[in-house]
Amino acid sequence: MHSNHRSQQSDRPHIAQSDRAVTPSELLSGVEVGEEWAYRERPRSLGDPVHRVTIVKIRDSDDSIRIRRLDGDDAGLQEWVSYTSLLDRWTDIEPRLNDERRLLAVREASSAAGDTVEYNAALLIVKNCGLGRRVIFGRSKTETGVLRIDKPAGVADRLGLTVEELADDPLAFHDRHGTLISPWRAARQLMPTIATTFSEGIMEAIHREEAELRSENLYGYPYRPSWEDASALVVAMLEVEASCLGYLSDPDAVFPGGRN
C-alpha cells in the first residue's frame, strides 16, 4: 500500500518531528518502503547521533516501521522502531541538523537566565505585550531564555525596528521555517523596547497581578508560591513598571544592555 506512489514523492510535505505534533497516519502517508530516512533513537534529544536507514516494512496495526541501518557498526541490522524516530528523508535532513546545532549554541548561551527576577520580568512583558504567540520564550525548560519570534518582519515593524536590529546578536538565526531564534542576551536588550511599545497592556497586567498577590497573601492559600517567590515576582513587575513609565533615566538599571 505504501509503495505505489513513489512518483508523487516530490509533492508530499516534509514532516519534522520536533516542530509540531503529527498523527501516525500523517507521517506514515509520507513514508514508503525502500526510501532512505534519517533515524534517531531519541528523536527529541538534539545533538544525539542521526543514522541513515532504509524503510523495510510498515506495520499499520501499531504504527511501527521496520528499518535497516545503513551506517556505523550496526549496518545491516533490522529492527522495528516507532514512526516518531524518523526525522526526515535522508536527502533533506541537513537543514534540520543545521538548525539543531545553532539552537544548541543559543540554549547554552541562554542558560544564565534561569529563574531570575529579570527573566520573570521579561516573561511578563512577552506574555502581555500584545504580540501573541509571535513572540515567545522557548518551547520547554531546555529553552529557558531562548527568544523565538515568528514572522520577524512584522514584529520588527510593530516595534519600530529593522529585522537586522531585531536579530542583532552573533548567535541569532532564522531557522528553516523563518522563525528568528535569539539568545537571552539579545532578548534582554529587546525588552525595554517591547515594554515601551505595549506599556498600557503590560501596566494593566502588573496591577492585576499585584492585586491577586496581595489577596492571596492575605488569606495565605497554601497552593500558591511562597512569600519569597511572590515578592520576587512583585519586584520583577515593579521593575517592568519603572521601565514602562520612564521612572528611570537609565533603562540599563533595569535591563542592563537594553535599548534606550
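Visitor: Which residues does S85 touch, leaving out those up to four places away in sequence?

Guide: S85 touches A38, Y39, R40 and P43, where contact means heavy atoms within 4.5 Å. This is a predicted model, in which local features need pLDDT of at least 70 and side-chain atom pairs count only at pLDDT 80 or more, while totals for chains, interfaces and linings use all residues. Residues are numbered from 1 along each chain as its sequence is written, and side-chain values use heavy atoms, with hydrogens and water left out.

Visitor: Is S85 buried or exposed?

Guide: S85 is buried, at a relative accessible area of 4%. Buried means under 20% relative accessible area, exposed over 50%, and partly exposed in between, with a 1.4 Å probe and protein chains only.

Visitor: Where does S85 lie?

Guide: S85 lies in the loop between β4 and β5. Strands (E, at least two residues) and helices (H or I, at least four) are DSSP runs, numbered from the N terminus.

Visitor: And T84, where is that found?

Guide: T84 is found in the loop between β4 (78-82) and β5 (86-89). T84 counts as partly exposed, because its relative accessibility is 28%. The side chain of T84 makes a polar contact with the side chain of S82, at 2.9 Å. A polar contact is a pair of N or O atoms within 3.5 Å; within protein, one must be able to donate a hydrogen and the other to accept it, and residues adjacent in sequence count only if both atoms are side-chain atoms. The C-alpha atoms of T84 and P43 are separated by 6.9 Å, although these residues are 41 residues apart along the chain.

Visitor: What is the strand order in the sheet of 5 strands?

Guide: The order is β4-β3-β2-β1-β5, in an open sheet with antiparallel pairing. Two strands pair if DSSP finds at least two bridges between them. β4 and β5 stand at the edges with a single partner strand each, so one side of each is left without a neighbour in the sheet.

Visitor: How many bridges join β1 to β5?

Guide: Strand β1 (residues 36-39) and β5 run antiparallel and are joined by 3 bridges. Y39 has L86 in β5 as its bridge partner.

Visitor: Changing topic: what about the sheet of 4 strands?

Guide: That open sheet has the order β6-β7-β9-β8, and its pairing is antiparallel. Here β6 (135-137) and β8 (173-174) stand at the edges; each has a single partner strand, so one side of each lacks a neighbour in the sheet. β8 is joined to strand β9 (residues 180-182) by 2 bridges, and F173 has I181 in β9 as its bridge partner.

Visitor: How many residues are in the largest nonpolar core?

Guide: The largest nonpolar core has 31 residues, and among those with the most contacts inside it are F137, I149 and I194. Such a core is a set of buried Ala, Val, Leu, Ile, Met, Phe, Trp, Tyr and Cys residues joined through side-chain atoms within 4.5 Å. The largest share of this core, 6 residues, comes from α6.

Visitor: What is I194 in contact with, leaving aside neighbours within four places in sequence?

Guide: I194 is in contact with I125, C129, L159 and I202. A second, separate core has 11 residues, including Y39 and Y83.

Visitor: Finally, where is M203 found?

Guide: M203 is found in helix α7 (residues 199-219). M203 is buried, because its relative accessible area is 11%. The C-alpha atoms of M203 and N128, 75 residues apart along the chain, are separated by 8.9 Å.
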